[in-house]
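Here is a briefing on one protein model.

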Amino acid sequence: MKELYSGKFAPITDTIGFLHCDAKRAVAAFLDWQNDIQSTRGVALSASCIAGDFSSAIKALLPLTSVERRRYLFAPTDSNWTVFLDNGHKGTDAFSHLSYLAEKLACKAVRMTYVSEGSEDRYPATILEIYGPYKTDFLNIVRSISCAVDGGRWVFSAEGEVQPFESVERYAERLIKNRFPGEMLETYLSQLGIRAFEEGFYMPSNMQATLVKKEGPIAPSAREFELICK
């Protein structure tokens, strides 16, 4: 199964976050949260509109940075889901941002990760996490399913509340990597109304994304990285 844009924008799109709310509402909540944190170190946040298609919006995240993320993208879809990406040099940190925003906005949020086998310099992984607006046995994670290479071997885990659309019998497959392949992730996401691997799902015509940027001091050891589009 192919990754989004055939992996052209990896590692940015290895992990993609989704918030079940309007994009403007998501941006406002994010700015309200982060302004309080960043102002103490002399950093201000600015928000600007990005027109064009989703690939153009992704490029606005460049350069990628280590140590500290400096750019965040909120993009509409042709559904009630808003996309979240950031410019971390190893991919988007969806967990810490979306789990908080799900509680703050009282909405559902989803983190998906898909890295196919044979990807250069990246470990294969298929991950789905669902966050809710309430506390669970572990933070506000409603469901977490993961099948990934860890330490040179495939590892599978499934925690939390089983969702109605799951094919739980597949989790007993003898080959661990077959317990949650990319096709299953795609099916699960479609049941949530997310067509994550379809380019046309993102940024419908006449809709714009919002790029949030940090302005001011940056962590001393941070480095910048350009993306080599394949």
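**Cavity and pocket**

The largest cavity is lined by E3, L4, T13, I16, M112, Y114, A196 and F197. This is a predicted model: local features need pLDDT of at least 70, side-chain atom pairs count only at pLDDT 80 or more, and totals for chains, interfaces and linings use all residues. Residues are numbered from 1 along each chain as its sequence is written, and side-chain values use heavy atoms, with hydrogens and water left out.

- On a 1 Å grid over the protein atoms alone, a cavity is a set of points where a 1.4 Å probe fits but cannot get out. A pocket is an open set with protein on both sides within 12 Å along at least five of seven lines. Lining residues have an atom within 4 Å of a point.
- Grid points are joined across faces, edges and corners, and a volume is the space filled by probe spheres set on the points.
- The largest cavity has a volume of about 30 Å³. One cavity of 30 Å³ or more is counted.
- Its lining divides into six nonpolar residues, one polar and one charged. Here Ala, Val, Leu, Ile, Met, Phe, Trp, Tyr, Cys and Pro count as nonpolar, Asp, Glu, Lys and Arg as charged, and the others, Gly among them, as polar.
- The second largest pocket holds about 240 Å³ of space. It has 15 lining residues, and D22, A23, K24, P76 and M207 are the closest to its centre.
- Helix α1 (23–38) and strand β10 (209–215) each supply at least two residues of that pocket's lining. Helices (H or I, at least four residues) and strands (E, at least two) are DSSP runs, numbered from the N terminus.
- The lining of the second largest pocket has seven nonpolar, six polar and two charged residues.

**Nonpolar cores**

- A nonpolar core is a set of buried Ala, Val, Leu, Ile, Met, Phe, Trp, Tyr and Cys residues joined through side-chain atoms within 4.5 Å. Buried means under 20% relative accessible area, exposed over 50%, and partly exposed in between (1.4 Å probe, protein chains only).
- The largest nonpolar core has 45 residues, and F18 and F54 have the most contacts inside it. Helix α4 (residues 182–191) gives the largest share of this core, four residues.
- A second, separate core has 23 residues, including L31, W33, L98 and C107.
- In soluble globular proteins, nonpolar side chains tend to be buried together.
- Beyond its neighbours within four places in sequence, F18 has contacts (heavy atoms within 4.5 Å) with residues including W81, V83, V110, M112, I194 and F201.

**Strand β1**

- Strand β1 (residues 15–19) is largely enclosed by the rest of the structure, because five of its five residues are buried.
- Both of its faces are covered: T15, G17 and L19 lie on one side, I16 and F18 on the other.
- Strands pair if DSSP finds at least two bridges between them.
- β1 runs antiparallel to β6 (residues 109–115), with five bridges joining them. T15 stands opposite T113 in β6.
- β1 also runs antiparallel to β5 (residues 82–86), here with three bridges. L19 has T82 in β5 as its bridge partner.

**Strand β4**

- Five of the six residues of β4 (residues 71–76) are buried, so this strand is largely enclosed by the rest of the structure.
- Four bridges pair β4 with β10 in the antiparallel sense. R71 has K213 in β10 as its bridge partner.
- Five bridges join β4 to β5, again antiparallel. A75 is bridged to V83 in β5.
- β4 and β5 form a hairpin with five residues between them.

**Backbone points to check**

- A10 and P11 are joined by a cis peptide bond, with omega about 5 degrees. P11 is in the segment before β1.
- L62 and P63 are also joined by a cis peptide bond, with omega about 0 degrees. P63 is in the loop between α2 (54–59) and β3 (64–65).
- M203 is not glycine, yet its phi is positive, near 50 degrees. N206 is likewise a non-glycine residue with positive phi, near 70 degrees.
- M203 is in the loop between α4 and β10, and N206 is found in the loop between α4 and β10 as well.
- Is M203 buried or exposed? M203 is buried, at 6% relative accessible area. N206 is exposed, at 83%.
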